[in-house]
There are 2 protein chains.
Amino acid sequence: VFAPPVNRLIGELAKLPGIGQRTAQRLAFHLLSVPDEEALPLADAIREVKEKVGQCEVCFNLAVETTCRICQDERREASVICVVEQPGDVIPIERTNEFRGRYHVLGGALSPIDGVDPEDLHIKELLERVSGSEERSRGAGPASTAAQTIREVVIATNATTTGEATALYLADAVRERSPDVAVTRLASGLPVGSDLEYADEVTLGNALRGRHAL
Amino acid sequence: VFAPPVNRLIGELAKLPGIGQRTAQRLAFHLLSVPDEEALPLADAIREVKEKVGQCEVCFNLAVETTCRICQDERREASVICVVEQPGDVIPIERTNEFRGRYHVLGGALSPIDGVDPEDLHIKELLERVSGSEERSRGAGPASTAAQTIREVVIATNATTTGEATALYLADAVRERSPDVAVTRLASGLPVGSDLEYADEVTLGNALRGRHAL
C-alpha cells in the first residue's frame, strides 16, 4: 500500500531488535514528516559509525582506533580485567566509578542450544592476555614490566543462565591455565531499594549466602 | 563514555518518537554489531525516502510523484473524500476494503493548547476541493464533469479530544461553504471482539446512541 521507498524504510526499521512492524511504520512516518535536516543526520550517523567504529584489538570493546580508549589509558590498572558479554556492558560498570581496571568483551555468552560455543567468543584471546601477562612478568620477553601482570579476572557476565554458565566455564579455563590469577564474580543479592517481600527466592538465597559482617 | 560517532548515533536514534536513551543505546549497539550489509541499507532507505517521497499536491498524502497513487487512480470515486489526520491513517482505512473514494490528509488535528490552529492544517485546501467541485459541476469552468462533484466528506479524524474537535470544526466549515455536501463521521461503538463488561461508559454510550435495527 505504500510507495516502494516507504516500504523499504519500514522493512529496514523493522529489522532492528524490539522494533515491530507497527513501530517501524510509525518511525518511518515520523522520518517522512520531519525536515531533511532532522532525518538525514540519522542516516549519516549510521554510515559514520559503520565506517569509523571497529573493535579494540586487545579487549574487543568498541574502538575508533586499533585499540579502545580504556586500553589506551595509561592510568587504568592493567592488573585487573573485567570480563563482560557485550560492549554495552562496559558502560554501566564505568558509571559505578568502582572499577579502575581494563575490560575484555566476550561478544556474547555460551549457549550450546543457540550454537554459541567457546570458540565463538573471545575466550581464547582472554586466556592469552592473562597467561601472556604472567610470562612477561616472569621475564620471558623484553616487554616485561610488573604493571602488566594480571592479578585478577572479574567475571561480570549477566546473572542469567547463559551468563552464569559462561562464568563457570571461564573460571575453570583461567584457573587451569593461570592458577595464580584470582577469578572473581560479581555479587548477587538484593538490588538497592528493593523489598524482601518481593525478592525471588534465588536472589534472596544468594543474598543470604553472600552476607557479610557489619 | 562512548566514542563520538557512537554518541552521535545514539543521539540521533533517541530523537525518534518513543525511543528513549536506553533503547537508542541498544539499537546503536545492534547497528554496530551487525555487518555493514545489514546496517547501511537503513541509512540508504532514510536518504531515499527523504529524496523521493513528498506530499500529494491534491490530498497531501505521501506521494512519489506530484500526486499520490490514490489520486491518480481513475477507478477511485471522486465524489467521496475521507478526511484523516496523518498519512499513516490512510492505510488502516484502505485495509478495510470498505472505502473506494479519495482522501484528504490534514497533517494533524486542531489543538489550540499545542498551538495547532486551522491555518496549520490543510483545511483551506479541503474546503477549496469541496466547493471547487461544486462550481465545476455547475458548469463554471470548462473542466466541468459530473464525476468531479463531491457529494460526501467522511471525517475520519481520531476518536480523541483533538480529533473530535477537528471533526466538529470541519463539519461546520464544510456545511457553511458547501451546504449541499453531506458531512459524515465514523461510527463510535464497541470494537469487534470486546466484552461489554470492559467497555468504557463513553464508548458504550456512543454504541447505544448509534444502535441500528437488526
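This is a predicted model: local features need pLDDT of at least 70, side-chain atom pairs count only at pLDDT 80 or more; totals for chains, interfaces and linings use all residues.
- The same surface serves both copies, as 100% of the contact residues of chain B recur in chain A.

**Where two helices pack**
- Two packed helices are described by the angle between their axes and the distance between the axes.
- Helix α3 (residues 36-52) of chain A packs against helix α2 (residues 21-33) of chain B at about 50 degrees, and their axes are 9 Å apart.
- α3(A) and α2(B) are therefore oblique to each other, and α3(A) passes α2(B) in a right-handed crossing.
- On the α3(A) side you will find A:I46, A:V49 and A:K50, which meet B:L31, B:L32 and B:S33 in α2(B).
- By class, this contact has four nonpolar residues, one polar and one charged.

**The sheet in chain A**
- Four strands form an open sheet in the order β4-β3-β5-β6 (chain A), with parallel pairing.
- At the edges are β4 (102-105) and β6 (182-185) of chain A, each pairing on one side only.
- On average, neighbouring strands of this sheet are turned by 25 degrees against each other, direction ignored.
- Strand β3 (residues 80-84) of chain A runs parallel to β4(A) and is joined to β4(A) by four bridges; A:V83 stands opposite A:H104 in β4(A).
- Helix α7 (residues 161-177) of chain A lies across β3, β5 (152-155) and β6 of chain A, and runs at about 170 degrees to β6(A).

Conventions
Residues are numbered from 1 along each chain as its sequence is written. Chains are lettered from A and ligands numbered from 1 in the order in which they are written. Side-chain values use heavy atoms; hydrogens and water are left out. Contact means heavy atoms within 4.5 Å. Axes are lines fitted to C-alpha atoms, for helices over the stretch in contact, and angles run from 0 to 180 degrees between N-to-C directions. Helices (H or I, at least four residues) and strands (E, at least two) are DSSP runs, numbered from the N terminus. Angles under 35 degrees count as roughly parallel, over 145 as roughly antiparallel, 65 to 115 as roughly perpendicular and the rest as oblique. A crossing is left-handed if the near helix is turned anticlockwise from the far one by less than a right angle, and right-handed if clockwise. Ala, Val, Leu, Ile, Met, Phe, Trp, Tyr, Cys and Pro count as nonpolar, Asp, Glu, Lys and Arg as charged, and the others, Gly among them, as polar. Two strands pair if DSSP finds at least two bridges between them.
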